[in-house]
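Please keep the sequence and the model at hand while reading.

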Amino acid sequence: MTSPTTTQDRPSPELETEELTGAGIVVRALRDEGVEYVFGYPGGAVLYIYDELAQQDAVRHILVRHEQAAVHAADAYSRVTGKVGVALVTSGPGATNAVTGIATAYMDSVPMVVITGQVPVALIGNDAFQEVDTVGITRPCTKHNFLVKDVRDLASTLKTAFYLAATGRPGPVLVDIPRDITSHKTHYHYPEKISLRSYKPTVKGHPGQVRKAMQLITSAQRPMFYTGGGIVLGNASAELRKLVRTLGAPITHTLMGLGAYPASDRQFLGMLGMHGTYEANMAVQHCDVLVALGARFDDRVTGNLAKFAPHARIVHVDVDPSSISKNVRVDVPVVGDLQQVLLEMNQVLAESDQRNDPQAMQAWWAQIEEWRQRGCLHYKQDDRIIKPQFVVQKLYELTGGNAIVTSDVGQHQMWAAQFYGFDRPRRWVNSGGLGTMGFGLPAAMGAQVAEPDSTVVCITGDGSIQMNIQELSTCLQHHLPVKVACLNNHYLGMVRQWQEFFYENRYAMSYVDALPDFVKLAEAYGHIGLRADTPADVEPVIREALRLKDRMVFMDFQVDPQENVYPMVPAGAALSEMILV
Amino acid sequence: MRHIISILLENEAGALSRVAGLFSARGYNIEAMTVAPTHDPSISRMTVATRGSEEIMEQVLKQLNKLVEVIRVQDLTEGPHIERELMLIKVHAVGPDREEVKRLSDIFRGRIIDVTDRSYTMELTGTGEKLDAFIHALDPGMVIEVVRSGASAISRGAKAI
């Protein structure tokens with residue numbers, strides 16, 4: 001919890017000439033770390049830091065309207081760029097508001113540094129104004145956190161925070177800085193490298209295990225690749241494509257893994273899991289070797305664990321040893337960085353001529369194509385009422401599949417995952433692990449900051465969008481022309497769907513009465529609002545929104561309130577027990 | 001099955017609560033937990049007595065290793081090891097009981113460390129079972145107060161964890 005260095009490790013003052021305040025050190029450290037953007041919200045405990053921020057241009061600040069949004073935006077910035085995202089908030093409520101954002105990033109392993117202000121050291125524990133035990137509250141939802149109690153530890157603590165956030169299994173790291181520390185002065189020295197005796201993540205895969213894995217994979221009659229967010233986070237997409245193409249094997253992604261392998265490629269079977277495709281789930285259930293890469297066998301992916309992939313021997317590659325054999329017993333575990341291990345796997349493959357039996361593969365693909373023929377994502381188009389799936393399909397078509405898509409949580413999230421075919425990684429930004437409603441709009445802001453020239457679409461619902469709607473104001477102030485596509489069904493749609501399926505149509509508190517007029521609301525915030533009531537309106541509305549390149553546009557699609565997400569594996573059922581249309 | 005896990009961790013404020021928090025957050029059981037600095041004052045050693053299936057223990061060890069401040073983790077029950085616990089126990093000792101308690105303490109290799117005309121306070125070390133046995137050997141009405149340290153343990157042989 002306290003700073004990682006001891007007094008002896010501190011640089012001797014005479015080596016350094018420059019004396020800075022703690023606040024100055026924070027800003028200098030951010031510059032030295034190459035941080036271009038900080039997402040934040042000022043308050044009493046961080047005013048010295050804000051004062052320093054205002055006196056330089058290298059680190060730019062995006063002022064949000066709620067601390068949760070600052071963290072989500074920093075999170076999305078990281079997911080799109082691969083860099084460490086940075087958020088800055090004040091003590092007490094600033095920190096507690098940030099917690100949902102931190103927990104979201106933690107569940108999805110997003111590298112981030114969150115700087116929180118704290119009351120002066122002498123007041124800690126005294127129930128001072130805007131005091132909260134931030135390190136205590138965030139301990140279970142950060143990769144690590146620090147309270148800096150001596151300004152001489154500040155620079156090395158920040159360096160350690162960035163190092164921890166980005167290495168091994170990435171995650172958010174929080175640095176809590178008491179107000180008085182930001183005004184104390186010391187010589188600035190930013191360490192070049194950090195080495196911690198207690199933290200040595202494994203990078204290279206064990207060569208013997210890699211060979212064993214390739215042996216098993218190439219001897220399979222019915223191999224199946226199942227990959228997750230680890231491929232995206234580990235920048236291992238190119239190596240993955242090479243391996244899967246060389247083998248000619250089928251591949252599915254988790255919600256977090258979309259884009260790692262091109263959705264438009266024949267070998268891709270779509271997403272797996274609760275709302276996965278029929279072909280992906282069936283292939284997992286019938287394969288004889290399952291290759292899990294950077295995935296963690298989440299309950300939304302596996303369905304009933306006892307019935308999961310019953311015929312498969314399993315290879316699992318992950319940077320985090322604790323992910324291996326946590327939920328599912330694994331036959332060949334490989335711990336290591338995904339990019340590195342996949343490189344090693346491709347090398348083994350290149351040096352050997354062992355390949356899967358072509359006849360067996362042909363039979364396997366014939367079976368898969370039969371499953372694919374089922375057309376599990378088919379929906380009935382209507383000429384009067386807009387189908388939400390149709391909106392996502394049109395968005396995909398009209399953006400050429402090139403948009404960065406963020407989403408909130410619920411039905412719209414699943415439709416986005418099913419119908420927007422991602423051909424590249426880091427284009428799909430959603431809260432997969434924690435399932436945080438209110439993520440989409442601030443995430444779109446962070447993505448737009450990361451790529452000002454790209455089209456950023458936030459696919460959302462009438463429930464989720466209202467959880468951080470205030471960020472429309474941030475979009476105006478910082479000229480972030482994000483496009484919101486609200487699939488407005490006047491319901492908390494996923495809740496309603498569960499109530500229809502599992503609670504005998506009793507729609508308890510899932511109907512959203514008294515929705516605002518989103519068009520007027522957008523206009524009130526200084527943006528453009530467009531509304532689509534019929535299927536014929538959908539394309540013109542999207543075209544108009546995309547034409548208004550420099551404007552934030554809120555598209556309100558009045559969609560079928562009764563539409564459900566299919567297929568669906570009920571909670572606790574086996575993956576093959578899908579509810580189909 | 002019962003397991004004794006030894007943990008070396010950075011001797012820093014908060015490190016203990018990270019370990020304790022991990023056990024409660026993930027629903028692992030803690031029977032006892034002891035912690036104190038080692039001969040290297042920058043390192044603390046913690047001993048945790050816990051119970052769980054083989055799968056759970058694998059996760060416990062992995063999750064502990066994942067904590068940034070944890071330097072080394074070992075399940076001592078995987079090999080030969082020695083386990084000791086310290087107990088301080090205060091009992092009523094009047095009349096004929098007084099001699100009996102003294103004798104019992106001798107049998108269990110305890111030491112009387114405080115005496116009044118109505119009580120003895122004794123110190124005993126041993127495995128948890130031995131300390132349990134001592135308590136059971138006493139008339140339940142005699143025990144005034146018991147303080148136990150929880151298990152400390154070390155592996156047999158010349159090597160450190």
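Two residues are in contact if their C-beta atoms, placed from the backbone, lie within 7 Å. The structure is a predicted model, in which local features need pLDDT of at least 70, side-chain atom pairs count only at pLDDT 80 or more, and totals for chains, interfaces and linings use all residues. Residues are numbered from 1 along each chain as its sequence is written, while chains are lettered from A and ligands numbered from 1 in the order in which they are written.

**Confidence**

- The model has an ipTM of 0.92 and a pTM of 0.95.
- Within chain B, confidence is highest in strand 7, at 98, and lowest in helix 1, at a mean of 94.

**Surroundings of A:Asp462**

- A:Asp462 lies in the loop between strand 17 (456-461) and helix 17 (472-477) of chain A; helices (H or I, at least four residues) and strands (E, at least two) are DSSP runs, numbered from the N terminus.
- A:Asp462 counts as buried because it has 24 C-beta neighbours inside 10 Å. A residue is buried if 20 or more other C-beta atoms lie within 10 Å of its own, exposed if 12 or fewer, and partly exposed in between, with C-beta atoms placed from the backbone.
- Apart from neighbours within four places in sequence, the contacts of A:Asp462 are A:Cys486, A:Asn488, A:Asn489, A:His490, A:Val512 and A:Leu515.
- Between A:Asp462 and A:Leu30 there are 432 residues in sequence and 37 Å in space, C-alpha to C-alpha.

**Nonpolar cores**

- A nonpolar core is a set of buried Ala, Val, Leu, Ile, Met, Phe, Trp, Tyr and Cys residues joined through C-beta atoms within 7 Å.
- The largest such core has 212 residues, and A:Ala485 and A:Met555 are among those with the most contacts inside it.
- Not counting residues up to four places away in sequence, A:Ala485 touches A:Val391, A:Leu395, A:Val457, A:Cys458, A:Ile459, A:Met555 and A:Phe557.
- A second, separate core of 9 residues includes B:Ile89, B:Ala93, B:Val101 and B:Tyr120.

**Architecture of chain B**

- Chain B contains 4 helices and 9 strands, in the order β-α-β-β-α-β-β-α-β-β-α-β-β from the N terminus on.
- The C-alpha trace of chain B spans about 55 × 35 × 35 Å along its principal axes.
- Of the 161 residues of chain B, 25% are buried.
- Among contacts in chain B with a separation of 6 or more, 70% come from residues 24 or more positions apart.

**Strand pairing in chain B**

- Two strands pair if DSSP finds at least two bridges between them.
- Strand 5 (residues 81-92) of chain B runs antiparallel to strand 7 (residues 119-126) of chain B, joined by 8 bridges; B:Glu85 has B:Gly126 in strand 7 as its bridge partner.
- Strand 6 (residues 111-115) of chain B also pairs with strand 7 of chain B in the antiparallel sense, over 4 bridges, and B:Val115 stands opposite B:Tyr120.
- Strands 6 and 7 of chain B form a hairpin with 3 residues between them.

**Interface between the chains**

- At the interface, 17 residues of chain B are in contact with 14 residues of chain A.
- On the chain B side, helix 1 (15-25), helix 2 (54-66) and strand 4 (70-75) are the elements that give two or more residues.
- Helix 2 of chain B gives the most to this side, with 5 residues.
- The chain B residues of this side divide into 5 nonpolar, 5 polar and 7 charged, where Ala, Val, Leu, Ile, Met, Phe, Trp, Tyr, Cys and Pro count as nonpolar, Asp, Glu, Lys and Arg as charged, and the others, Gly among them, as polar.

Key:
pLDDT = per-residue confidence, 0-100.
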